[in-house]
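Thanks for making the time this morning. I would like to walk through one model slowly, chain by chain, so please have it open in your viewer.

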Amino acid sequence: MRISIEWLKEYIDIEMTAEELADALSMSGTAVDRVHTLGGGISGVVVADVREVKPHPNADTLSIVVVDDGETVREIVCGAPNVRAGMKYPFAREGARLPAVSSKPLKKAKIRGVESAGMLLSAAELGISEDHTGILELAGDAEVGADVHQALPLEDIVLELEITPNRPDCMSVVGVAREVSALTGAPLRLPSVELDESGPPVDTLARVILEDPQGCPRYTARAVMGVKTGPSPAWMQRRLTAAGLRPISNVVDVTNYVLLELGQPLHAFDLDLLAERTIIVRRAARGEPMRTLDGVDRQLDEATLVITDPSGPVAVAGIIGGEDSEVTESSANILIESAHFDPTSILLTSKRLGIRTEASARFERGVDPGGTAFAAARAARLMNELAGGQVASGEIDAYPEEIKPRTLELRPSRANKVLGTDLGAGEMAGILQSLGARVEAGEALTVTVPTFRPDLEREIDLVEEVARINGFDRIPETVPQGGGLAAGLTPQQRLEKKMLAGLTAQGLSQAVTYSFMNPADLDLLGLADDDKRRRVVTLLNPLAETGEGMRTTLLPGMLRVAGGNINRGSKDLALFEAGRAFISQGEEVLPVEIDTVALLLAGDLHPQHWSGRQTACDFFDLKGIVENLADVLGITVLEFGRASEEFLVPMSAAVLSAGNEYAGYIGQLHPRVASAFDLEGDIYCGELLAAPLLAAANESVYSPVGRFPNVKVDVAAVVDEAADAIEVERVIRRSGGDTLKSVRLFDVYRGPQVAQGKKSLAYALEFGSASGTLTDEQAHRRLDAVIASLQKELGASIRGREREGEAR
Amino acid sequence: MDENSMNEIEQLTQERPELAALARESLDAIEAAGTPAELEETRVRLLGKKGSIAAVFKGLGSLPPEEKRTLGQIGNALRTLAESELTARAARLKDAETKERLLREATDVTLPGRRLPQGHDHLLARVIDDVTDIFVSLGYKVVAGPEVELDFYNFEALNTPPHHPARSLQDTLYVRRSDPVSDDPKDILLRTHTSPVQVRVMESERPPLYVISPGKAYRKDEIDATHSPVFHQVEGFAVSEDITMGDLKGTLEVFARKLFGEERAVRFRPHFFPFTEPSAEVDVSCFVCAGGGCSLCKGVGWLEIMGCGMIDPAVFSHVGYDPEKYTGFAFGGGVERIAMLKYGVDDMRVFFENDMRFLRQF
Ligand SMILES: [Zn+2]
């Protein structure tokens with residue numbers, strides 16, 4: 001909503017500067033998005049009369065115009081589509097100053113071979129609006145040759161307001177003036193509706209039949225007979241253009257002017273084009289045809305409220321008029337419609353037809369049902385003033401059931417409790433009265449709310465008005481005590497933080513991707529038809545560019561992040577994403593949301609350093625990261641088995657389980673999948689499920705450390721190639737007893753020193769005791785037991801048995 | 001040099017000039033040894049079994065007692081002197097050697113160090129952490145909610161009217177159902193804000209409540225520099241028997257100054273949200289111009305950071321709280337917006353492109 005301060009001052013005295021006013025409005029809930037200064041610095045522009053319009057010899061879209069600027073008559077070139085002979089326009093002479101166009105004075109120009117000295121101006125070129133679709137028509141009574149400042153006040157400041165949806169009343173100049181009045185205490189001056197009703201009684205001229213009082217609770221009409229259409233005066237044109245509307249003719253401009261002034265949308269019908277001069281308000285029949293003012297032929301439906309005459313629809317109620325009864329230059333008798341329509345009905349119809357107009361924008365939020373008669377009278381007065389004719393006496397007011405002002409109670413104690421203030425009942429009453437409410441004092445205030453405030457329905461709405469006008473800045477600031485024992489992170493949340501910190505500490509950077517997925521990605525991964533991750537939540541109205549489903553796995557997103565980075569030259573990648581995967585449980589219930597951590601390694605994990613060589617990352621880098629993570633979380637039951645994920649290299653993939661629960665997978669991306677995602681080189685990836693990992697986490701436990709160094713011994717077991725290392729380690733741990741403190745595999749050997757089909761696994765064992773010295777002898781007895789178990793349980797042969805220095 | 005030994009020797013050898021000479025030669029030999037090996041040779045030459053000092057003691061037994069005693073004294077003094085000089089010389093040689101070795105091994109301290117790989121938090125995660133930490137310090141707990149949500153929690157219980165534009169297919173992403181009903185509380189959608197968590201927590205717990213809830217939210221926005229169909233919000237709310245709008249103001253002022261700097265001013269502008277009343281938008285004074293007006297704040301001097309308000313009694317009614325007994329406030333802000341303001345990021349897309357050159361900066 002654009003509000004001209006010059007116009008606003010017609011209804012209220014304003015002592016503040018425009019900036020102060022903008023600030024006061026912003027701080028009371030009517031946000032001022034921008035402040036436009038219009039028409040400053042203009043000189044050398046006069047009112048000119050166009051004598052003749054001729055075609056340009058070299059260009060179809062241009063014309064040669066004969067212009068009389070009061071001093072000389074000359075020919076200039078003009079590109080405006082609306083230039084007409086006999087009309088008056090602002091004319092910039094050579095040397096004119098037009099700040100909205102250029103910082104330099106206007107020069108003579110040669111346009112397509114024709115010399116042109118001076119130009120006719122649009123409202124945009126004058127800097128009074130953004131409308132540059134045509135030149136600005138001036139009123140017929142403007143004096144040719146007079147400075148344009150005399151014909152219309154150019155200098156003004158326009159506030160661009162953001163009106164919240166609960167405040168339809170502020171979508172008008174008078175509504176904003178009322179807010180200013182409440183804020184400053186200056187009295188509001190309503191515009192004059194005094195009429196000279198010299199015409200015949202209106203009910204002898206027209207008839208209104210209200211068939212749908214739900215959709216149209218009130219329909220007020222007035223008639224003005226014998227008007228003469230023409231351009232509206234400059235002052236009205238300027239106010240309309242400043243508000244962003246385009247002047248059309250005095251009759252139509254009056255309806256738009258009153259819409260902006262009072263917020264009541266009006267419609268002007270050519271009374272002679274209305275069959276039987278009768279208006280019928282009803283729902284349309286299914287498929288009923290109508291050509292609207294925008295030139296579109298439409299098929300209406302039963303939900304659409306229409307204004308009709310006995311021969312058919314003449315307007316879509318509250319939204320747009322029809323071509324058939326449109327006011328034209330030859331219209332003489334005008335019927336002014338000032339109605340109240342049901343907001344929801346207008347909202348739905350406007351949505352269905354895809355039309356939004358100044359009128360529908362107001363009706364859908366709720367226009368004052370008590371204000372239709374005032375607006376009709378105001379329009380009749382202005383029309384009479386600007387276009388002559390006679391105002392019919394009386395009004396038609398179809399209003400079967402009066403919408404009464406609402407009465408609410410406001411307990412001052414309640415307001416102070418919600419706000420944390422200490423305002424008196426009198427202060428509150430004063431604020432509400434300044435907004436147009438009637439207030440009766442008592443234990444609680446009894447507040448009769450004006451009908452132009454449909455948003456004031458409950459006590460809390462009044463509390464807000466009190467807070468808003470009194471000023472939010474006057475509410476004292478306090479800090480509440482907080483949740484005490486309930487405050488802070490839960491142990492699970494602390495672990496979650498630890499887990500993510502454990503990944504960044506190991507060199508992985510965090511990515512955040514969209515939660516969407518194209519289900520076709522699952523085909524690229526090669527997932528089986530019955531894979532759980534095929535249960536995709538699909539969207540009804542997805543965005544074209546993001547895929548139509550919610551991700552069931554974070555992998556495709558991670559692969560795309562990797563691809564993007566590799567294409568941009570970052571080939572060494574260590575990434576993770578912590579986010580949710582969504583598995584559908586059927587279309588009527590919410591999906592399961594699984595907190596997942598995706599991992600990805602590519603290229604080198606350690607950047608190349610001058611002191612040594614770089615190494616490409618592999619499966620064991622990724623596994624090591626997960627093992628460290630388990631360590632950070634205190635997970636002792638994390639196991640790696642062979643995974644059978646279709647998108648991983650079969651023999652380089654592991655499935656994770658924590659405490660016997662599935663906890664994710666890690667492995668090397670299958671080259672087939674890599675190329676499907678346009679990735680080159682080896683990619684290692686995985687997904688971890690947060691819930692089973694966090695459930696398996698343990699608090700760290702203290703166990704006393706012996707005063708003497710541990711005894712370290714190495715043992716190498718030769719086992720079948722097919723045996724898993726974890727089996728060997730389990731046997732060692734089980735047979736090693738309490739004093740076995742650590743087991744570390746330090747070498748895997750295949751070669752001439754062991755038999756074909758065998759491998760040697762060398763372990764460093766540490767024995768120790770917290771309670772006293774563990775002798776070499778005791779340690780070696782334990783080692784003997786370990787060796788015996790390896791031989792017996794795994795058929796291992798022992799390749800070496802060495803003792804290392806005790807105090808390494 | 002051991003002065004006492006030398007004086008003693010000079011006294012004793014007044015009668016035996018050849019032994020005085022031996023003392024001087026011994027000292028010169030020790031001083032002349034340039035390496036530990038040479039010093040060891042010198043030691044053997046002086047003190048070894050066949051050494052020149054050992055020779056003094058030889059044939060001592062055949063001398064008369066008087067002479068024997070004198071010569072014995074001289075021999076002992078010579079040995080003591082030689083030993084102490086050898087030790088001192090050895091130490092000096094070792095020092096010299098260490099010094100020379102360290103010089104040889106000099107490090108170019110300007111070469112880059114060997115670093116363990118270092119990962120980086122995503123900027124959005126960092127902002128969420130910062131915001132969460134502040135509220136945890138103010139006594140809040142952290143609760144998460146589902147991202148795929150029922151209309152009931154996202155709109156209905158938050159007092160959103162049936163035909164509100166936010167509920168339209170143009171604004172909100174809906175989950176496909178075979179029999180969709182528009183504005184149905186049973187519709188399933190991608191939550192458009194983190195506010196549904198408010199309703200879910202109030203439904204299952206009783207006041208007092210102090211809750212913060214960061215997470216993803218979704219809107220049907222085409223991707224450009226200032227729009228993203230996926231974004232992050234931080235929701236917070238407090239409900240108790242005596243929560244006031246003053247508490248809301250005080251809390252958010254503390255928050256804004258902790259996050260953006262203590263010198264920031266904070267202001268509350270009345271606004272409209274369906275689920276709070278009174279409602280406000282929260283501005284902080286511009287970090288760049290501190291209120292004077294610049295391009296970051298578009299000349300206003302203030303930067304909008306979040307929306308807030310007193311929880312609407314209608315929301316309490318939906319969860320079965322008595323609005324006469326309880327009052328509460330709620331607030332919510334966009335994480336991307338906070339990150340963009342605080343770090344000067346001018347394009348929302350960078351958050352989701354995950355370019356390593358971006359990720360490494362934080
Ligand atoms: Zn600024």
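How many helices and strands does the secondary structure of chain A come to? Before I answer, please keep in mind that this is a predicted model, and that every value I quote is computed from it. For chain A, the assignment gives 21 helices and 38 strands. The radius of gyration of chain A is 42 Å, whereas the globule rule gives 28 Å for 808 residues, so chain A is more spread out than a compact globule. Taken along the principal axes, the box filled by the C-alpha atoms of chain A is roughly 125 × 80 × 55 Å.

Let me stay with chain A and turn to burial and contacts. Of its 808 residues, 54% are buried, and when we look at contacts between residues at least 6 apart in sequence, 70% of them join residues at least 24 apart. The accessible surface of chain A is about 35,800 Å², with 49% of that area belonging to carbon and sulfur atoms. As for charge, chain A carries 81 positive and 118 negative side chains, and the centres of these two sets are 6 Å apart.

Now for some local detail. In chain A there is an open sheet of five strands, in the order β11-β14-β17-β18-β19, and its pairing is mixed. At its edges, each pairing on one side only, are β11 (207-210) and β19 (320-321) of chain A. Within this sheet, strand β17 of chain A, residues 305-309, pairs with strand β18 of chain A, residues 312-316, in the antiparallel sense and over four bridges.

For burial, 52% of the 362 residues of chain B count as buried, and among its contacts between residues at least 6 apart in sequence, 66% join residues at least 24 apart. The accessible surface of chain B is about 16,700 Å², and carbon and sulfur atoms account for 51% of it. Finally, chain B has 43 positive and 58 negative charges, whose mean positions are 6 Å apart.

Conventions. Residues are numbered from 1 along each chain as its sequence is written. Chains are lettered from A and ligands numbered from 1 in the order in which they are written. Side-chain values use heavy atoms; hydrogens and water are left out. Buried means under 20% relative accessible area, exposed over 50%, partly exposed in between (1.4 Å probe, protein chains only). Contact means heavy atoms within 4.5 Å. Accessible areas come from the Shrake-Rupley method with a 1.4 Å probe; for residues, only the protein chains shown count as cover. Lys and Arg count as positive and Asp and Glu as negative; His and the chain ends are not counted. The place of a charge is taken as NZ of Lys, CZ of Arg, CG of Asp or CD of Glu. Two strands pair if DSSP finds at least two bridges between them. Helices (H or I, at least four residues) and strands (E, at least two) are DSSP runs, numbered from the N terminus. The radius of gyration is taken over C-alpha atoms; the globule rule is 2.2 Å times the number of residues to the power 0.38.
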